[in-house]
Number of protein chains: 2
Amino acid sequence: MGTRLALRIQERYEELTPSEQKLAQFLLDRPDEILASSATELARFTGVSKATAARLFRNLGYNDFNDVRLQAREERNRTGPVQQIPMPQAAVDETVTVPTHLQVESANLTRTFEELRPDVLNAAAEQIAGAGRVWVAGLGIENGIARYLRILLTRVRPGVHMISENAATWPEELASTGPNDALIIIAVRPWTKQISTVLTFARTTRLKTIVITDPTNTGKARRKEATVLNCHVSTPWSELTQTSVLSMAQLLAATVANRIGGRAKARRDLIADLAEEIESGDI
Amino acid sequence: MGTRLALRIQERYEELTPSEQKLAQFLLDRPDEILASSATELARFTGVSKATAARLFRNLGYNDFNDVRLQAREERNRTGPVQQIPMPQAAVDETVTVPTHLQVESANLTRTFEELRPDVLNAAAEQIAGAGRVWVAGLGIENGIARYLRILLTRVRPGVHMISENAATWPEELASTGPNDALIIIAVRPWTKQISTVLTFARTTRLKTIVITDPTNTGKARRKEATVLNCHVSTPWSELTQTSVLSMAQLLAATVANRIGGRAKARRDLIADLAEEIESGDI
DNA sequence: CATTTTCTGAAACAAGAGTTTCATAGACAT
DNA sequence: ATGTCTATGAAACTCTTGTTTCAGAAAATG
């Protein structure tokens with residue numbers, strides 16, 4: 001699980017002002033920076049004023065920036081010398097080298113899965129394994145990953161459907177869901193209103209909901225009583241990387257397969273056989 | 001390999017005064033403390049005065065305590081050689097645990113990008129950046145990732161198209177390509193005949209072709225004179241993981257963006273603005 | 001033992017960090 | 001438009017940090 005500071009940010013993220021969010025974002029992405037940097041530097045890194053920084057920490061419930069630093073330090077000591085992979089700084093020219101890329105990806109993967117609580121993962125897998133039907137949704141750039149996850153799950157159990165990318169038709173599609181179904185939403189930042197709407201709907205219809213998202217949205221999703229799988233997606237550049245999201249999908253599907261057990265394996269083998277037959281029969 | 005600070009201390013240790021040694025000792029024992037603590041605190045921890053601390057750093061050849069801190073920070077960011085991560089063995093019961101999953105993913109990522117030659121990556125990026133139009137293809141489970149890559153590239157340059165998932169219509173679609181176009185195929189094992197067919201076609205029409213694939217197919221693809229980006233995808237189980245494939249897509253898109261330079265950034269910003277407008281205008 | 005040299009922390013000082021105040025720009029409703 | 005409310009950075013301020021000075025303690029030397 002993340003630091004106490006990260007938890008507080010996740011809880012209050014939406015109530016923060018835009019520039020406070022910018023800074024909060026940075027702190028979620030690079031928690032170790034708090035130990036090494038002064039508040040002034042943190043403000044400069046994120047392009048906000050010192051005043052905004054001071055306000056943020058107060059709004060998060062601390063008396064002081066010093067409180068924040070002390071807490072962070074105490075937590076570091078409790079966890080012991082963390083052997084985590086540091087996220088590289090942005091190069092001035094924004095050029096991505098292969099080693100930097102590797103390091104960024106490793107850092108995100110490591111943080112994602114070291115923070116992931118097995119019981120949360122298992123709860124999510126249980127919901128998917130036990131559901132009548134499973135619905136997978138992913139808007140925009142996440143759509144590709146959602147499709148990938150859908151195929152993985154289809155290999156393991158029947159009744160897995162995509163919700164169309166056209167948000168306008170979601171009401172119709174969701175109308176046919178029942179309380180025994182499960183809904184998986186892939187939604188990293190930026191968070192759209194549609195997602196909130198769907199989550200609210202899901203809660204009222206008691207649809208079991210699993211949200212795969214990034215730390216800035218965990219709080220929002222959790223408040224809608226969804227099971228949240230948290231993925232780190234930040235890079236030193238302005239772009240995000242969805243690698244850990246895909247990896248999470250992979251792990252989720254594997255865990256569901258484990259839950260289901262023998263029948264999942266049988267289904268997988270059947271599909272593999274079919275694929276082979278088609279391949280050899282087709283030109 | 002120790003830090004540069006540690007090396008300097010070791011060199012001059014005997015020449016230091018007793019209270020300086022006390023402090024120096026502490027710094028050798030807990031090198032990370034420098035990042036987190038002020039000089040005053042370091043002095044207090046070791047029971048010496050602030051003045052002594054200031055003198056120590058000067059005696060070690062630094063101008064300033066700030067110099068020391070900056071150097072330490074820089075060293076933290078520039079992390080040493082990446083350690084080789086071993087691929088775990090299959091557990092008997094085939095159960096995937098979170099730590100195992102992380103290790104598998106790290107191992108694949110590391111191998112993929114440590115083997116990746118920057119000149120090959122750059123050649124691929126160059127072809128995509130310079131092409132008239134870009135076509136992206138991915139069959140079956142790779143389709144999701146292909147879509148993801150398409151969106152990434154679309155953010156960076158115009159004229160990026162998906163080739164439909166229905167292989168039967170490929171002849172028609174490919175017929176409209178020209179020798180100035182580029183074709184990106186995502187195809188990990190199992191390799192289908194369709195892919196061979198397309199690659200042959202691409203070679204005869206002098207279509208620049210980039211194949212993202214796994215080591216079992218590299219040879220086949222290379223023989224068709226395609227630029228090959230090799231991804232490690234194996235797991236201790238029977239399933240594959242496409243995480244490194246997605247990561248490769250990410251890196252490829254970033255590299256293309258770098259190639260294109262300013263215009264890519266302008267386009268990205270434009271798209272981000274549009275997205276924001278749509279989001280706020282909707283509902 | 002006296003004298004010189006070295007070491008050390010207290011205190012003065014300078015620089016920088018963090019907080020608070022305040023004026024203004026922007027959003028939103030009327 | 002007009003007024004109201006919120007968000008924000010500049011600047012004034014207060015407090016902490018780091019450096020330097022200095023005087024006394026400790027050690028070394030004759």
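Chain A and chain B bury about 5,000 Å² between them, with carbon and sulfur atoms giving 55% of that area; buried area is the accessible area (1.4 Å probe) that two parts lose on being put together, summed over both. This is a predicted model, in which local features need pLDDT of at least 70, side-chain atom pairs count only at pLDDT 80 or more, and totals for chains, interfaces and linings use all residues. Residues are numbered from 1 along each chain as its sequence is written, chains are lettered from A in the order in which they are written, and side-chain values use heavy atoms, with hydrogens and water left out.

The interface counts are as follows.

| Item, chain A with chain B | Value |
|---|---|
| Residues of chain A in the contact (heavy atoms within 4.5 Å) | 55 residues |
| Residues of chain B in the contact | 54 residues |
| Salt bridges | four salt bridges |
| Polar contacts, both residues at pLDDT 80 or more | 14 residue pairs |

A polar contact is a pair of N or O atoms within 3.5 Å; within protein, one must be able to donate a hydrogen and the other to accept it, and residues adjacent in sequence count only if both atoms are side-chain atoms. Among the elements giving two or more residues to the side of chain A that touches chain B are H6 (65-79), H7 (98-115) and H13 (243-260) of chain A. H7(A) gives the most, ten residues. Helices here are DSSP runs (H or I, at least four residues), numbered from the N terminus. That side of chain A divides into 21 nonpolar, 19 polar and 15 charged residues.

Over all chains the structure holds 20 salt bridges, each a side-chain nitrogen of Lys or Arg within 4 Å of a carboxyl oxygen of Asp or Glu. One salt bridge joins Glu41(A) to Arg73(B), with the closest N and O atoms 3.1 Å apart.

Within chain A, the axes of H8 (residues 118-130) and H13(A) come within 9 Å and cross at roughly 65 degrees.

Methods
Nonpolar A, V, L, I, M, F, W, Y, C, P; charged D, E, K, R; others polar. Axes fitted to C-alpha atoms, helices over the stretch in contact; angles between N-to-C directions.
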